[in-house]
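Please keep the sequence and the 3D view at hand while reading.

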Amino acid sequence: MDYKSAGLSDPEYRRIIEILEREPNPLETQLIGVMWSEHCSYKSTKRLLRTFPSKGKYVLQGQGENAGVVDMGEGWGFAFKVESHNHPSAVAPFQGAATGVGGIIRDIIAMGARPSVSMDGLFFGDPDLKKTQNLSKGIVEGIGAYGNAVGVPIVGGKTFYSPCYTDNPLVNAFSAGFVRLDKMASSQTAKKGDLAVLLGSKTGRDGIAGASFASRELDEDSKSSRPQIQIGDPFEEKLLIECCMDLLAQNLIASMQDMGAAGILSSSSEIAHKSGCGIDITVEKIPLREKGMAPWEIFLSESQERMLLIVEQDKLDPVFAMAAHYGLDCAVVGTMTDSERYRVYEHGELIADLPTSILGDATEVVWPSAEPKDIRERITMNPSSLISAEPERDLLSMISCPNGRSKHEIWEQYDSMVQLHTIDGPGSPVAAVEVPDTARVCVLTMEAEPNKCRTDPYIGASETMALSLRELWITGAEVLGMTNCLNFASPEAPEKFYELEQCVKGLADTCRSLDCPVVSGNVSLYNETSGGQIYPTPLVVTAGLIEDRNKRLASGKAATGDTFYLAGDLCGSLGASRYQVMKNGTPAGKTVAPDHSKEKDFRERALKTAAAGAASSGRAVAGGGLAVALANEAIASEKGISIEINSSVPPEEILFSEGGARAVYAVPEGKEQVFESIWEGFPCTKIGAVSGEDFEWKEMFSIELSKLKKAFLEGCF
Amino acid sequence: MKTAVVVFPGSNCDRDVQRAVCESLKTSVDMVWHEEERFSIQPDLVVLPGGFSYGDYLRSGAMAARSPIIKAVIEHAERGGLVLGICNGFQVLTETKMLPGALLPNTSLTFICRRCHVRVEQTDNKFTYGFKKGEILQFPIAHHEGLFFLPEDELKKLEDSGRVVFRYADPCTGKAGAEYAPNGALNGIAGICSEKGNILGLMPHPERATISHLNGGTDGIRFWDSIAKAFAERGAF
């Protein structure tokens, strides 16, 4: 095996020889090559990811496991993680997206949790192109087909359109599950003498070396990469979930790991390495779907719906009985040793013998970073091009444009209610689900601000994070932690690496300062084609907790008689806002850099507002600015709103500027005083009231609610 | 009222129904694996839950209709016992021929999950006895194959015998019919019952409208109460 075709560089290969004190044989070269791929090793980003704050009082399991786990109280942990499935979805939209859903669900199972909710971050290209329509149709159907059948509700997500994703759409799959603290599983608890058991599908030729596929740019040849795409079987996955839950309930599993990228190889080597063990695997014991597979194919196959269980010898019989009950294949394929070596045997012959550390710890790569030459250009905006001559028309355009309109055509294809715990599902800025058997509510936001990250990666990422936190605070939630998916271009070009580095810094600084630990994450690099690169797209999913569901402040609940307040500054910035991009075509200008002390101040007051029941509805000012936040509030509440703001600031600034700690609140009669005293000392303005059948903005516009609703739901006016 | 929920491989609303019935009727619910050949405790009500039995890779419900437990379900129904099929459970009932018709792919050819409204069309059965004819209920739907179909003559027979129990409806006008069906169901049919009124199949999910602090509404509570009322006043057999 030529090491270069295994994806190894000259220095990497020299390093391997140094560690092994010999040349690796072809199989070993292949195994190391895959484990050292960007996708498996995070070799370009490990250094950056270490800067994320990982500690917090709710963190039960931080980075380094299959998923992070936070404490939801009353004996419940919440395991959650988001992962990209970009490259497979670009080549085979339906199967690529479907298996993305399946893969992240198995990460949650591996923590011992019952997969309870899913969300998806979708980034599509120009929506007018047939290509985008085909891709998005396939991707959405794939997510639905898998998620619906496997019975995990899709409770929210993010869909974002920009021409930068036309050739390279992004699919970020999030899943999460509740787990009793005494049933949490781990991939670090295998010990000598335990048996390695494969549960689930047989191994086939599908998805061979998908990890290396994901570690390079998409090109014309990507179509010929089709055999690398895995095929999903949600029925098998559903059985796998139920079987694993039953095995865990009976304490029959010592350790477990899902099989994702680099299949058997990565799962077995990781479990051995993290547990401080070694492992001996016998190739011919692995159940195969087809004949004549070479050992390297077997080890790298990414056949779906498989789990690696580590089982104590005396528990083997009940494990096999349970597998038989669910009709799942089950086979002992290896034994844990104390050798700290990864050994593969074929018909009694030792065909690979590597230290587990060489597979687990790839050599890190340090890429140079350089500020993009056009960064000045990116942050320069032409204010005269942004004047809003027709505010009514601009507002209607904003709420009917692909990024502003309702995404119900997508999320109605997803089962958002199965498992009977969805309190607030898709369409709401914050998803809310019941913590099992308690009055507690788990709240989740998924955010990404690619336009803002494009013009200023540091500020853009900071605002992404801050916005997701504000949304949780407004509901009255304590923030428990976040997971992220970093979607970027090639790290090898200094100007592109700079974007990655600055975004990570923005996320890390904001999380550290605003007390949000990072508990898990995933990186997807090389998101570019000959046509160009994607905008930097860090996506964050943040989890929060409300102890008493009656104290949750929802959005879209404005009632007759309520007064509207704007908490926060009257204006943010038009830089890289939805309005600016709509007017100019491409993002330009900077958004507001989050002011951390102000954010903290906002946090305390928002939490008090919810706890005191001082508002009937609350919503963060986000994409589209104040006018869109109010329009959304009017539509969701099915109430007319009348707004009057006296200011000399140009209309577009007031209506559409974004950024900063800002929220709109509907305050019921009799609660004004409580509300005002909570916000005393913070910018807070009474801006209007629930009234009539129109969304009226004095001296600006008056739009019938039905017209507004049509624009939002149908995307035209 | 002793209740059993049949669990097929791929069922995914089994636990939801269990919770809904437990919480609203304050009764225990047996979960019965499809491979059983009989019920260990004879139930009064058997529920075939929603989901994707056997992955629905063949026709929806076709494989489940051949599960070992089905024989016991049929016997239970023949004795006059209550059988409720929800969504995939309804598809199983048509595949076993316990109810007529077939559930075809939605006209949109997409999966649809949303709240929807149905009108109670008749109350002379073991399930909607506690409602008034013409009442509008809100139950969520979540399916890909929900287009109720029967050949014209059989459809007429079904209608004439008054076996249409629920029809998709407009909550504002109270009108019901095909134009309100989200899935293209003939005559807007959302649920039908057997001749004796002891077997009900419906596409919407009443269990999803049972827990008041969740987002599916509360009309399901009345549905379970109605079954309990019918059972108490008329008996299961």
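## Basis and confidence

This is a predicted model, in which local features need pLDDT of at least 70, side-chain atom pairs count only at pLDDT 80 or more, and totals for chains, interfaces and linings use all residues. Residues are numbered from 1 along each chain as its sequence is written, and chains are lettered from A and ligands numbered from 1 in the order in which they are written.

The model has an ipTM of 0.97 and a pTM of 0.96. For chain B the average pLDDT is 96, and 99% of the residues score at least 70; pLDDT is the predictor's confidence in each residue, on a scale from 0 to 100.

## Chain A

Chain A contains 25 helices and 28 strands. Here helices (H or I, at least four residues) and strands (E, at least two) are DSSP runs, numbered from the N terminus. The radius of gyration of chain A is 26 Å, close to the 27 Å that the globule rule gives for 717 residues, so chain A is as compact as a globular protein of that length. This radius is taken over C-alpha atoms, and the globule rule is 2.2 Å times the number of residues to the power 0.38. Taken along the principal axes, the box filled by the C-alpha atoms of chain A is roughly 85 × 55 × 40 Å.

Of the 717 residues in chain A, 62% count as buried. A residue is buried if 20 or more other C-beta atoms lie within 10 Å of its own, exposed if 12 or fewer, and partly exposed in between, with C-beta atoms placed from the backbone. Among the contacts in chain A with a separation of 6 or more, 84% join residues 24 or more positions apart. Two residues are in contact if their C-beta atoms, placed from the backbone, lie within 7 Å.

## Chain B

Chain B has 5 helices and 11 strands. Its radius of gyration is 16 Å, which agrees with the value near 18 Å that a compact globule of 237 residues would have. The C-alpha trace of chain B spans about 45 × 40 × 35 Å along its principal axes.

In chain B, 58% of the 237 residues count as buried. Residues 24 or more positions apart make up 75% of the contacts in chain B with a separation of 6 or more.

## Where the chains meet

How many residues of chain A are in contact with chain B? There are 25 residues of chain A in contact with 25 residues of chain B. On the side of chain A that touches chain B, the elements giving two or more residues are α7 (130-150), α9 (234-249) and β14 (422-424) of chain A. The most comes from α9(A), with 4 residues.

By class, this side of chain A has 10 nonpolar, 10 polar and 5 charged residues. Ala, Val, Leu, Ile, Met, Phe, Trp, Tyr, Cys and Pro count as nonpolar, Asp, Glu, Lys and Arg as charged, and the others, Gly among them, as polar.

## Two helix pairs

Two packed helices are described by the angle between their axes and the distance between the axes. Axes are lines fitted to C-alpha atoms, for helices over the stretch in contact, and angles run from 0 to 180 degrees between N-to-C directions. Angles under 35 degrees count as roughly parallel, over 145 as roughly antiparallel, 65 to 115 as roughly perpendicular and the rest as oblique.

In chain A, helix α6 (residues 93-109) packs against α9(A) at about 5°, with the axes 11 Å apart; α6(A) and α9(A) are therefore roughly parallel. A:Gly102, A:Ile105 and A:Ile109 of α6(A) meet A:Pro234, A:Glu237, A:Ile241 and A:Cys244 of α9(A). In chain B, helix α1 (residues 14-25) and helix α5 (residues 219-234) pack at about 70°, with axes 10 Å apart, and are therefore roughly perpendicular.

A:Asp437 lies in the loop between β15 (431-434) and β16 (441-447) of chain A. Its phi is near 55°, a positive value in a residue other than glycine. A:Asp437 is exposed, with 11 other C-beta atoms within 10 Å. B:Asp56, in the loop between β3 (45-48) and α2 (69-78) of chain B, has a positive phi of about 50° although it is not a glycine. B:Asp56 is buried, with 22 other C-beta atoms within 10 Å.

A:Lys710 belongs to helix α25 (residues 705-714) of chain A and is partly exposed, with 16 other C-beta atoms within 10 Å.
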